[in-house]
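My notes follow in the order I looked things up.

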Amino acid sequence: MTSQRTRDRLIQRLADAGIADQRVLEVMRMLPRHLFIDEALSHRAYEDTALPIGYNQTISQPYIVARMTEALLNGGVPQRVLEIGTGSGYQTAVLACLVGTVYSVERIKPLQDKARGRMRELKLRNVHFKHSDGSFGWPEKGPFDAIICAAAPEQVPPELLAQLAIGGRMVIPVGGEEQQLRLVERISEESCQQQTLQGVRFVPMLAGSIR
Ligand code: SAH
């Protein structure tokens, strides 16, 4: 069930659904998503669906990972990328294969520890982790060329916007019951441009952190 054929089928499905960036498709073809999921569910790793990873959280749907990554790369390959919500680390790994350096923030320590182990196993060395409430970003490491968010706040946190470099892009789900995936581009010191990509369903962005 974790064979290359099964993976190829998922990639074909993503391409059929409109993912056109070959860099994204090739990285997702190569990365073993089953390593990011507990063994009991790993036979479903190459279905285009979100799956539980414990602590009431989910590994994101492959289509959404592809769509968000594609949206970030559209503006050129970002060097410094901030990710909020490491979760399983799958999106983190996809980014690590495509960009300069990934700074990933997660509020649940055990999830972060597992994700860190997976990066080591896959020899992805351009990822830095922080355990904290990511709604404040990672100001010491900013500004970032790209910011990607895997949990939905009610509104774009101003702290994240402040850490986006001029010319940088952020993809972020926003809302409560009804969420929209937004692409925010920072045009200048004072202004940014926003566009809605599609309706989505992410876990909420929560305050505080858990040991
Ligand atoms: N892309 C990840 C998605 C994981 S689900 C994956 O595919 O595995 C979203 C993650 O965001 C969860 O792990 C959750 O704990 C985390 N999260 C929610 N609110 C957060 C916050 N304020 N700061 C950091 N992480 C947060």
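Predicted model: local features only at pLDDT ≥ 70, side-chain atom pairs only at ≥ 80, totals over all residues.

**Entry 1: helix pairs**

I began with helix α2, residues 22-30, and helix α3, residues 62-73. Their axes lie 9 Å apart, at an angle of about 140°. I noted the crossing of α2 and α3 as right-handed.

Next I listed the residues that touch. From α2 come Arg-23, Val-24 and Met-28. On the α3 side I found Pro-62, Val-65, Ala-66, Thr-69, Glu-70 and Leu-73. Sorted by class, this contact has six nonpolar residues, one polar and two charged.

Then I turned to α1 and α2. Their axes come within 9 Å and cross at roughly 155°. The cut-off for roughly antiparallel is over 145 degrees, and α1 is therefore roughly antiparallel to α2. This crossing, too, I logged as right-handed.

In α1 the contact residues are Gln-4, Arg-7, Asp-8, Ile-11, Leu-14 and Ala-15. They meet Leu-25, Met-28, Arg-29 and Met-30 in α2. The class count for α1 with α2 is six nonpolar, one polar and three charged. Met-28 is on my list for α3 and on my list for α1.

**Entry 2: the sheet**

In what order do the strands of the open sheet run? I read β5-β4-β3-β6-β8-β9-β10, seven strands with mixed pairing. β5 (127-131) and β10 stand at the edges with a single partner strand each, so one side of each has no neighbour in the sheet. The twist from one strand to the next averages 15°.

I then went through some of the pairings. Strand β6, residues 144-149, runs parallel to β8 and is joined to it by four bridges. Within that pair, Ile-147 has Met-170 in β8 as its bridge partner. I also found α5 packed on the sheet, where it touches β4 (101-106) and β5. The direction of α5 makes about 170° with that of β5.

**Entry 3: strand β9**

β8 covers residues 164-175 and runs antiparallel to β9, with seven bridges between them. Arg-169 has Glu-185 in β9 as its bridge partner. Three residues separate β8 and β9 in their hairpin.

On to β10, residues 192-200, which pairs with β9 in the antiparallel sense over eight bridges. Leu-181 stands opposite Gln-198 in β10. The hairpin from β9 to β10 goes through five residues.

Is β9 enclosed or open to the outside? I counted it as largely enclosed by the rest of the structure, because six of its eight residues, 179-186, are buried.

**Entry 4: single residues**

I looked up Gln-112 in helix α5, residues 109-121. Its relative accessibility is 1%, so Gln-112 is buried. Leaving aside neighbours within four places in sequence, Gln-112 contacts Glu-106, Phe-129, Lys-130 and His-131.

Asp-16 is in helix α1, residues 4-16. At 62% relative accessibility, Asp-16 counts as exposed. Asp-16 and Arg-118 are 102 residues apart in sequence, and their C-alpha atoms are 29 Å apart in space.

**Entry 5: backbone checks**

Which peptide bond did I note as cis? The bond from Gly-142 to Pro-143 is cis, with omega near -5°. Pro-143 belongs to the loop between β5 and β6.

I also checked positive phi in residues other than glycine. Tyr-55 has phi of about 55°. Tyr-55 sits in the loop between β1 (51-54) and β2 (57-59). Its relative accessibility is 46%, so Tyr-55 counts as partly exposed.

Lys-123 has phi near 60°, again positive. I placed Lys-123 in the loop between α5 and β5. With a relative accessible area of 56%, Lys-123 is exposed.

Methods: Residues numbered from 1 in each chain as written. Heavy atoms only, no water. Axes fitted to C-alpha atoms, helices over the stretch in contact; angles between N-to-C directions. Helix = DSSP H or I, 4+ residues; strand = E, 2+ residues; numbered from the N terminus. Left-handed = near helix turned anticlockwise from the far one by under 90°. Contact = heavy atoms within 4.5 Å. Nonpolar A, V, L, I, M, F, W, Y, C, P; charged D, E, K, R; others polar. Buried < 20%, exposed > 50% of the residue type's maximum accessible area, 1.4 Å probe, protein only. Pairing = 2+ DSSP bridges. Parallel < 35°, antiparallel > 145°, perpendicular 65-115°, else oblique.
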